[in-house]
Amino acid sequence: MVRYRAAWVLPIAGRPIAGGVVAVADGAITRVGDYDGGPAEDLGTVALLPGLVNAHTHLELSWMRGRVPPSSSMPAWAAALIALRRSVTPDPPEPIVDAIREARRSGTCLVGDVTNTLTTYDPLRGGDLSATLFRELIGFAAPDPGALVRSATDQIAALTPAAWLRPAIAPHAPYSVSPALLQAIAHANGSRPFSIHLGESAQEVEFLRDGTGEWRALLERIGAWTASWTPPGCGPVGYLDRLGLVNERLLAVHGVQFTADELARLAGAGATVVACPRSNRWTGAGIPPIERFYASGVRVAIGTDSLASVEDLNLFAEAADVRRLAPRVPASRILESATLSGAQALGFGAELGSLEPGKRAELLAVRLPAGCSDVEEYLVGGIDPAAVRWLEADSR
Ligand SMILES: [Zn+2]
C-alpha cells in the first residue's frame, strides 16, 4: 500500500481537503481523507485530483492539426474538412499515437473517441488512456440502415477486447444520418452511451425546421440528399425526442443552439451536454450558452473535439475556456464536469472521475504556486502540461 499526502486533495465527490491523504493498494483507492498520522509520501505543494475526462474528441483526425482553417460558417468549415479527408486514405496512424500521448501528458485518463474507421483502437490499446470508442456512422440517404449497423457491429466484434476500451456505435448528426439509421443505431447500442453532434450550428436548426440552408446545399453537392426526407419542423432535441432517443444514455455534443426548453428536457431525461467551446469558435458554430447549461441542471461534460478544430488536447485549457465563458459558475462545478460528469456519461462512473475508495487510482498531481488560496479556481485557470504528473504508472 502507498499513502500520498498533498497540500490539497480534491476528491470531486466532496470538498477539497487541505493536507489530505489518499491511500492506494493494487491500483485502487482505499482511503481519501484528512491526514491521520503515520507514514505517507509527502508530495508537497500540489493538488491531488482524479485524471481528467475528455468526453468528445476524434483522435483519427489528429493529422489535420492546423490544416482546416477557422471559418465563420460551420458547413463551409465541414466542406473543407471533407475535401481534405478525401485526399488522404487511411488516416495516418502516427499522429494518433502522438495525440494519445499528448492527452495523457496534459492530465487526461479517459476519452470519448469518435471514429469512422476504428483505426484508433490499436493505438489506444497500446497507450495509457481508457476510452469509450464511438464507431460513428454517417448515412442520410442510406437505403439499408440495418446493413450499416450490422457491419459496424461485426467490426466491433472482431476487435481484440481490452477492459479499458469500450466500443459503441454512434450517429454523426441529425443532418447527416437518416431517422431510420438513428433508431437502428440506438437499438443495436442497447445500454451503451449514445453520442451525437447536436444543436451545433444555426444551419442545423434551420435544416431541421424547414429542410433548407447550407447543410441541405452541402448534402446535394456531395450526392447525399434524398427527397424522401421530410423536415421535422422542430428543434434538434425535439427531433431526437420524437425518435425516442432522449434518455440518460444520450451525450448531446456541442449544444451551442440549445434553447432553455431543450436544456430542461435534457436535464429531465438525465442526459449529458458536452461543451467544446474552443472547437465551436474555430468551426464558426458560435459561442455555447454555458451558464445556461449549468443553470438548467443538465449534466455538463467537457470535450476538446478533434485537432482539426482545436489547438491542443489539453482538457485543462478547455476547462479554462469554460470558466471564461461562465464566470458565475462555481469552479467546483467546472472541475466536476472535467472529471466525474464525463466519466459517468461515458459509462466509467464506477471506476474513474473522482477519488473514492474502490475507484481506480488514476491520480494526477498538479503543481501549485506558493500561497494559492483558491485551489479550485486555480485549476480552472489553465494548467500547463509541465505542471502535471501522474502518480501511479498504470491502474488498469
Ligand atoms: Zn466532434
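Which side chain meets that of R104 in a salt bridge? In this predicted model, where local features need pLDDT of at least 70, side-chain atom pairs count only at pLDDT 80 or more, while totals for chains, interfaces and linings use all residues. Residues are numbered from 1 along each chain as its sequence is written, and side-chain values use heavy atoms, with hydrogens and water left out.

The partner is E362, at 3.0 Å from N to O; a salt bridge here is a side-chain nitrogen of Lys or Arg within 4 Å of a carboxyl oxygen of Asp or Glu. This pair links distant parts of the chain, with R104 in helix α2 and E362 in the loop between α13 (331-345) and β16 (363-367), 258 residues apart. Helices (H or I, at least four residues) and strands (E, at least two) are DSSP runs, numbered from the N terminus. Both E362 and R104 are buried, where buried means under 20% relative accessible area, exposed over 50%, and partly exposed in between (1.4 Å probe, protein chains only). They also belong to a network of salt bridges with R166, E351 and R360.

The whole structure holds 24 salt bridges. Another one joins E377 to R323, with the closest N and O atoms 2.7 Å apart. E377 sits in helix α14 (residues 375-379) and R323 in helix α12, so this pair ties together parts 54 residues apart in sequence. E377 is partly exposed at 32%, whereas R323 is buried at 12%.

T89 and P90 are joined by a cis peptide bond, with omega about -10°. H254, not a glycine, has a positive phi of about 100° and is buried at 0% relative accessibility.
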